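This report looks at a single protein chain. Please keep the sequence and the 3D view at hand while reading.

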Amino acid sequence: SPMPTDARQVMDSLQSMRLEVSTTHCNAALASMKKSGQWQRLLHLLQDMQMTGVQPDAVSFNAAIDSCEKNSRWQVSCSGLRRMREVKVMPTTITINTAISIFRRAQRWQMAVSAMLAMPERSLQPDIISHNSAMSSCERCCSWQHAVLVLARVHDLQLEPTKITHNTAISASDKGGHWLLAVSLLEEMSSSRSPSDDLSFNSALSAMTRPGSGGGWALALVGLKCMLALALAADQISYGATAMV
């Protein structure tokens, strides 16, 4: 049968089937609403759970917070995080990763990094998603030094960097005008499980040709040739970067 679309209907349907309304039942309904993008109905159901004595758990709150974040309602997601603290539901790694993503959208890189660094205090271990999101937050706000520090933590914790990790760090290096670091990261990618792509090279080429960076056209042309040798699709950005020198 189709999933009821109203929060009250969910409760009524479970009761009509003489089922005890449990957190597990409600979480299944929350997951369905999240999947279909019904973030408002999802919030209503979460509220109804508390009103009818059904205790939401971390899974319940994670569904609500993540659904709002995915639908660009980061302010509402923050309210969910606050409510989670109020009812003393312990956050999970997923909760904190979503919070970091919320801060990234809100361009609050300091809060994103702080949330990641505070995870061990909650007996949670930051994973590569935590670091990627925090690094992206720094890169978006042009705080390239902090993006590089987050990358250093990835290595210190012996996490496996992804293509997103490297590309974000290269882009941060470009914005900071540090072409040597960008080239070093590009080289690191060649020996990793996440080979470079056109985005990696475009950011590195941009760093090499940025005025005052100390790079130059000869270096940029070498990078472009490497890109073509790897059968990566050089685009207007690639050629534009070399033409600017």
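The model is a predicted one.

**A residue in helix H4**

Ala64 sits in helix H4, which covers residues 58-70. Is Ala64 buried or exposed? Its relative accessibility is 4%, so Ala64 counts as buried, since buried means under 20%. Setting aside neighbours within four places in sequence, Ala64 is in contact with Leu42, Leu43 and Leu46. Gly80 is 16 residues away from Ala64 in sequence, and the distance between their C-alpha atoms is 7.2 Å.

**Salt bridges**

How many salt bridges does the structure hold? There are six.

| Residue | Partner | N to O distance |
|---|---|---|
| Lys34 | Asp66 | 2.9 Å |
| Lys70 | Asp66 | 2.7 Å |
| Arg83 | Glu86 | 3.2 Å |

The side chains of Lys34 and Asp66 form a salt bridge. This pair links distant parts of the chain, with Lys34 in helix H2 (residues 23-35) and Asp66 in helix H4, 32 residues apart. Lys34 has a relative accessible area of 35% and is partly exposed, whereas Asp66, at 10%, is buried.

Asp66 also meets the side chain of Lys70 in a salt bridge. Why are Lys70 and Asp66 separated by about one helical turn? Both belong to helix H4 and they are four residues apart, which means a separation of about one turn. Lys70 has a relative accessible area of 51% and is therefore exposed, because exposed means over 50%.

A network of salt bridges links Lys34, Asp66, Glu69, Lys70 and Arg105. The bridges of Asp66 to Lys34 and to Lys70 have been described above.

Glu86 has a relative accessibility of 52% and so counts as exposed. Arg83, at 35%, counts as partly exposed.

**Pockets**

Rolling a probe the size of a water molecule over the atoms shows where empty space is left.

The largest pocket holds about 370 Å³ of space. Its lining is made up of 16 residues, and those nearest its centre are Leu81, Arg85, Ile96, Ala99 and Arg122. Which helix gives the most to this lining of the largest pocket? Helix H5 does, with five residues. H5 and helix H6 (93-105) each contribute at least two residues to the lining. Sorted by class, the lining of the largest pocket has eleven nonpolar residues, one polar and four charged.

The second largest pocket has a volume of about 240 Å³. It is lined by 15 residues, and the closest to its centre are Asn97, Ser101, Ile129, Asn132 and Ser133. At least two lining residues of the second largest pocket come from each of H4, H6 and helix H8 (128-140). The lining of this second largest pocket divides into four nonpolar, six polar and five charged residues.

How values were computed. Residues are numbered from 1 along each chain as its sequence is written. This is a predicted model: local features need pLDDT of at least 70, side-chain atom pairs count only at pLDDT 80 or more; totals for chains, interfaces and linings use all residues. Side-chain values use heavy atoms; hydrogens and water are left out. Buried means under 20% relative accessible area, exposed over 50%, partly exposed in between (1.4 Å probe, protein chains only). Contact means heavy atoms within 4.5 Å. A salt bridge is a side-chain nitrogen of Lys or Arg within 4 Å of a carboxyl oxygen of Asp or Glu. On a 1 Å grid over the protein atoms alone, a cavity is a set of points where a 1.4 Å probe fits but cannot get out, and a pocket is an open set with protein on both sides within 12 Å along at least five of seven lines; lining residues have an atom within 4 Å of a point. Grid points are joined across faces, edges and corners, and a volume is the space filled by probe spheres set on the points. Ala, Val, Leu, Ile, Met, Phe, Trp, Tyr, Cys and Pro count as nonpolar, Asp, Glu, Lys and Arg as charged, and the others, Gly among them, as polar.
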